[in-house]
Amino acid sequence: MTHLHYLNTTCAVCGESCRFTIPEGAVSVGSRDLDTRPAEPLRSTIYAWVKRCPSCGYCAPDPGRPLKGAVDVVRLPRYRWQLDARKFPKIANTFLCWSIVQEDLGVPAQAAWASLHAAWVCDDEGEDVPARICRRRAADLLQRAWEQGERLAPQEGADEALLVDLLRRAGRFREARAVAAEILEQNPQPLIADIMRLQVRLIAASDRGAHTVAEARRFRRPVSL
């Protein structure tokens with residue numbers, strides 16, 4: 001059962017008092033999506049994962065926590081534009097602003113996660129084009145993180161599996177298929193192989209929809225690349 005409590009804090013950027021609703025006790029019951037999105041009821045708490053100072057617009061999981069350099073990022077024109085960009089849902093803008101903070105502070109892996117979470121918000125609002133934009137951004141940030149020696153997940157092959165899903169759901173089928181084929185040729189761990197085989201089928205069908213890890217476990221037969 002999910003319980004609610006309130007976080008009272010002071011914004012680390014502008015010093016204003018803030019009050020946020022915090023859900024507690026929610027867990028993921030069921031299979032995650034291929035892009036790691038948890039099942040309900042945890043997935044419905046996404047609105048609280050990143051918070052926005054109502055005064056200055058600083059967006060962060062904890063706006064009361066000082067983060068060196070954040071003040072300068074919040075003042076950037078692209079941050080101010082993103083804060084209220086009309087093409088994205090408000091909560092998606094909040095995640096994208098946090099993504100900009102992480103990107104500008106040199107943490108592309110965390111920026112990629114934030115952009116992916118923005119895509120989930122767009123999915124829930126039925127905003128397909130903004131969701132694709134968020135996934136393209138997340139894919140680019142993920143690959144930038146690799147260039148810096150960062151990984152998003154500790155399990156071998158997990159980052160690549162996420163990249164394939166980001167590319168597929170963004171409509172970049174050729175790139176997604178090439179990554180999936182490369183991973184399958186490397187004889188990955190069974191679960192990663194299952195996911196890649198499902199992805200190959202989905203790409204062949206030009207399917208950009210959400211699918212779960214449980215679905216991938218059903219496809220254990222080899223596929224033609």
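In this predicted model, helix α3 (residues 90-104) packs against helix α4 (residues 108-124) at an angle of about 170°. Their axes lie 8 Å apart. Angles over 145 degrees count as roughly antiparallel, and α3 and α4 are therefore roughly antiparallel to each other. On the α3 side, the contact is made by I91, A92, F95, L96, W98, S99, Q102 and E103. On the α4 side, P108, Q110, A111, A114, S115, H117, A118, V121 and C122 take part. Eleven residues of this contact are nonpolar, five are polar and one is charged.

Helix α4 also contributes to the largest nonpolar core. This core has 66 residues. Y58, Y79, L152 and M196 have the most contacts inside it. Among the contributors, α4 gives the most, with eleven residues. Leaving aside residues up to four places away in sequence, Y79 touches G57, Y58, C59, V73, V74, C97, I100 and V101.

Helix α6 covers residues 158-169. Twelve of its twelve residues are buried, so α6 is largely enclosed by the rest of the structure. The buried set includes the charged residues D159, E160, D165, R168 and R169. It also includes A158, A161, L162, L163, V164, L166 and L167. The cover over these buried residues includes α4, α5 (128-147), α7 (173-185) and α8 (190-204).

Just after α6, G171 takes a positive phi of about 85°.

Conventions:
Residues are numbered from 1 along each chain as its sequence is written. This is a predicted model: local features need pLDDT of at least 70, side-chain atom pairs count only at pLDDT 80 or more; totals for chains, interfaces and linings use all residues. Side-chain values use heavy atoms; hydrogens and water are left out. Axes are lines fitted to C-alpha atoms, for helices over the stretch in contact, and angles run from 0 to 180 degrees between N-to-C directions. Helices (H or I, at least four residues) and strands (E, at least two) are DSSP runs, numbered from the N terminus. Angles under 35 degrees count as roughly parallel, over 145 as roughly antiparallel, 65 to 115 as roughly perpendicular and the rest as oblique. Contact means heavy atoms within 4.5 Å. The expected span of a helix is 1.5 Å times one less than its number of residues. Buried means under 20% relative accessible area, exposed over 50%, partly exposed in between (1.4 Å probe, protein chains only). A nonpolar core is a set of buried Ala, Val, Leu, Ile, Met, Phe, Trp, Tyr and Cys residues joined through side-chain atoms within 4.5 Å.
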